[in-house]
Amino acid sequence: MSNKTKALAAGEAHVHTYLGTPTDLKKDAVETISAGLRTVLADVFALYIKTKNFHWHMSGRHFRDFHVLLDEQSDQIFAMTDPLAERARKLGGTTLHSIGEISRLTKVADNDALYVTPEDMLAELREDNLALTGRLRAVHAICDDGGDVATASLLEVWIDETERRTWFLFESTRPAFGGND
């Protein structure tokens with residue numbers, strides 16, 4: 001056994017000893033579900049920052065409506081963070097440790113442009129929320145496979161909230177009443 005393998009095994013034993021939480025879920029389910037929750041949490045943090053970025057840099061004739069919409073949505077997104085992290089810990093898993101880990105795990109693309117039109121902001125957030133819904137559903141399926149109904153139940157609420165944000169962003173970006181382009 002290599003020194004690196006020994007160190008990794010010792011680290012895992014240390015985590016289990018000091019951070020492990022009793023659960024009736026199987027060890028592989030805890031690891032898989034916790035890993036899924038970490039990636040979703042990374043996406044949620046990245047989406048929160050992006051939503052706040054667009055909230056802070058909103059402009060134009062619908063400024064107030066869009067500014068308020070994004071403020072409400074960012075609050076809702078941020079409210080997911082602690083329950084996501086604590087759920088992984090309740091299972092005996094670990095959660096995010098750093099901004100670097102968020103950066104490595106997230107699938108939400110940054111937007112560092114100095115100026116983005118309000119329509120492009122909303123469209124980009126709409127697509128990010130739609131993609132997050134898919135990732136939440138994927139973790140839900142992992143929970144189903146592992147018999148974790150409590151995490152699945154939380155995910156169902158967040159899927160509904162994310163679909164609502166997507167809907168509001170979609171309606172706000174329609175080019176004309178009733179158009180679905």
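Predicted model: local features only at pLDDT ≥ 70, side-chain atom pairs only at ≥ 80, totals over all residues.
Angles under 35 degrees count as roughly parallel, over 145 as roughly antiparallel, 65 to 115 as roughly perpendicular and the rest as oblique.

Numbering runs from 1 along each chain as its sequence is written, and side-chain values use heavy atoms, with hydrogens and water left out.

**H2 and H6**

I looked up helix H2 (residues 27-56) and helix H6 (residues 118-146), which pack at about 165 degrees with axes 10 Å apart. Helices here are DSSP runs (H or I, at least four residues), numbered from the N terminus. Axes are lines fitted to C-alpha atoms over the stretch in contact, and angles run from 0 to 180 degrees between N-to-C directions. So H2 and H6 are roughly antiparallel to each other.

I then listed who touches whom, contact meaning heavy atoms within 4.5 Å. The H2 side includes Ala29, Leu37 and Phe54, and the H6 side includes Met121, Leu132 and Gly146. By class I got 14 nonpolar, 5 polar and 5 charged residues for this contact. (Ala, Val, Leu, Ile, Met, Phe, Trp, Tyr, Cys and Pro count as nonpolar, Asp, Glu, Lys and Arg as charged, and the others, Gly among them, as polar.)

**H4 and H7**

Next I checked helix H4 (residues 81-90) against helix H7 (residues 149-172): about 165 degrees, axes 11 Å apart. H4 and H7 are therefore roughly antiparallel too. Pro83, Leu84 and Arg87 in H4 meet Ala150, Thr151, Leu154 and Trp158 in H7. I sorted the residues of that contact into 5 nonpolar, 1 polar and 1 charged.

Note on methods: Helix = DSSP H or I, 4+ residues; strand = E, 2+ residues; numbered from the N terminus.
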